[in-house]
Structure formats: structure tokens, C-alpha cells
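Visitor: Could you take me through the strands of this one, close up? I'd like to see who pairs with whom.

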Amino acid sequence: MNCPYCNSQIDNRSLYCDQCGTKITPPKAHNPVNSNNIGKDVYDLEDIEILSDNPYISPLPPTPSRLVCQKYGMEIKLSDGAIIGRTQGAYTSILGKCKYLSSKHASLKRTSDGWTITDLDSTNGTTVNGRTCHPTLPFYIGDKVCLAVYYEFIVL
């Protein structure tokens, strides 16, 4: 089976795509026509029991773990309190050649609801799904985080 959003191949029992985090709807079994179930979706009960016993499937959506910029081949593993910058922070070996990034561009923070990014008064700004960070915005799997207009990262 393939993810309807990113088309990655996924296990038939997955509730979420491992690549983009899209929620996967369980396959419908059959809908025999009789007066008791007209208009209702009928699921195969055995499949539902197997899903609930699977230790690899979480009932909650997965938490983001990385930012990936496919255009420039960059990947940032999320770290609480980390600074994103060209010359300062945990990712300088990855972002050191990004000339449009400020030396100390943004910071990451883990919260009880997920992750946030804070723009640190950078020259070229930070956005999440096109919304400007003034100063902080949350982000989730599948969101687009853009650093300095030029570097678009997908949250995975």
C-alpha cells in the first residue's frame, strides 16, 4: 500500500506514514446491504484486533524528529534548545554554506504539544507554512519550515 500524500510504500497495518506522518485510514472490509447497516462502513473485526495488539503502532500521531531540505540535500535532527545558524549552533556543519542564513537564525524548542521554532531577529526571516515567525510558531509533521526564504524544509 502507498501513502496517499507522499506515495511512499507503507505497511498495510500502519496508522501513519513513516515518511510524512499522514494518517492512514484503515481499509474497509465490506458493506453487505441489509437494513441494519445501510449507510454504515463495516470493518473486519479481526483486522481491528490485530492493529490494536501491534506494539509498533502508536495510537497518537508521531512526533516530528527532523527537518529535511531536499533541494539542497540537508537534514537537521531536532534537538530541544538547539540554535539554527550559519556560524552558531548545533548545525553549523550542515548550514555553514547557507549564505542567506543569519549566523544565529532561529531556535528550536520541544513543548508538551510538540515543537516550536523561534526566529532570533534574523535578517531574512523564518516561516512555517508561509506564516512569519514573530517570534514563535509551532510546527508538525508535513509542515514546511522556510529559513531565510531560500531554504525550505519539510518536517518529518
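Guide: Strands themselves are DSSP runs of E, at least two residues long, numbered from the N terminus. This is a predicted model, where local features need pLDDT of at least 70, side-chain atom pairs count only at pLDDT 80 or more, and totals for chains, interfaces and linings use all residues. Residues are numbered from 1 along each chain as its sequence is written, and side-chain values use heavy atoms, with hydrogens and water left out.

Let's begin with the open sheet. Four strands make it up, in the order β3-β4-β5-β8, and the pairing is antiparallel. Its edges are β3 (83-84) and β8 (136-139), each of which pairs on one side only. Two bridges join β3 to β4 (residues 106-111), again in the antiparallel sense. Look for isoleucine 84 there: alanine 106 in β4 is its bridge partner.

Now hop over to β1 (residues 66-69). With β2 (residues 74-77), β1 forms an antiparallel pair over four bridges, and cysteine 69 stands opposite methionine 74 in β2. This hairpin has four residues between the strands, and glycine 73 takes a positive phi near 65°. β1 also pairs with β10 (residues 151-155), antiparallel over two bridges; here valine 68 has isoleucine 154 in β10 as its bridge partner.

Methods:
Two strands pair if DSSP finds at least two bridges between them.
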